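Here is a short report on a ligand site and the pocket around it. Please look at the structure first.

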Amino acid sequence: MDCIFCKIIKGEIPSEKVYEDDDMIMIKDIAPQAKLHFLAIPKKHFADVTEMTEEDVSLVGRMLKTIGGLSKKLGLEGGFRLVSNKGADAMQSVPHLHIHVLGGEKMSDKMC
Ligand code: AMP
């Protein structure tokens, strides 16, 4: 499958990985939009939240808990923002579900 995140997960494309377990990887975003910008990416390929199966509900739940558990270690003790884009209006550019984890600085109260 020609998916950049699947290739990163398989190690075929280099990335700055900060965490990995059986469910997911976390990498530094190549074009950070905050002082700290990570991507939490499930190892299972599905495009976005609209493609989630019942099984994926617990997978994504575990991912959220893992992000929370890692937050201090990643320098996000002041807080962080989670974003998952879906589709053209949201400017999703990689059709493999991922959660942006943004922080390390005070962000705007505007979401967009
Ligand atoms: P989205 O636009 O929501 O689909 O987010 C995709 C994100 O993936 C963007 O923030 C990109 O900067 C990021 N990205 C694309 N390619 C890479 C890569 N090779 N390594 C790390 N981040 C990437």
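A polar backbone atom of Val94 lies 2.9 Å from an oxygen atom of the ligand. Such a polar contact is a pair of N or O atoms within 3.5 Å. Ser93 also uses its backbone: an N or O atom there is 2.7 Å from a ligand oxygen atom. Asn85 uses its side chain, with a polar atom 2.7 Å from an oxygen atom of the ligand.

The ligand has 500 Å² of accessible area on its own, and the protein covers 86% of this. Areas come from the Shrake-Rupley method with a 1.4 Å probe.

## Basis of the model

This is a predicted model, in which local features need pLDDT of at least 70, side-chain atom pairs count only at pLDDT 80 or more, and totals for chains, interfaces and linings use all residues. Residues are numbered from 1 along each chain as its sequence is written, and side-chain values use heavy atoms, without hydrogens and water.

## The shell around the ligand

The shell holds 16 residues, and Asp29, Asn85, Ser93, His98 and His100 come nearest. Nine are nonpolar, five polar and two charged. Gly counts as polar in this scheme; Asp, Glu, Lys and Arg count as charged.

Helix 1 gives the largest share, three residues. Helices are DSSP runs (H or I, at least four residues), and strands are E runs of at least two.

## The largest pocket

The ligand takes up the space of the largest pocket. A molecule sits in a pocket if more than half of its atoms lie within 2 Å of its grid points. A pocket is an open set of points on a 1 Å grid over the protein atoms alone, fitting a 1.4 Å probe, with protein on both sides within 12 Å along at least five of seven lines; lining residues have an atom within 4 Å of a point.

The volume is about 920 Å³. Of 32 lining residues, Asp29, Ala31, Gln33, His37 and His100 are closest to the centre. The lining divides into 18 nonpolar, nine polar and five charged residues. Helix 1, strand 2, strand 3 (36-42), strand 4 (80-83) and strand 5 (99-103) each supply at least two.

How values were computed
A residue is near a molecule or strand if one of its heavy atoms lies within 4 Å of it. A polar contact is a pair of N or O atoms within 3.5 Å; within protein, one must be able to donate a hydrogen and the other to accept it, and residues adjacent in sequence count only if both atoms are side-chain atoms. Grid points are joined across faces, edges and corners, and a volume is the space filled by probe spheres set on the points.
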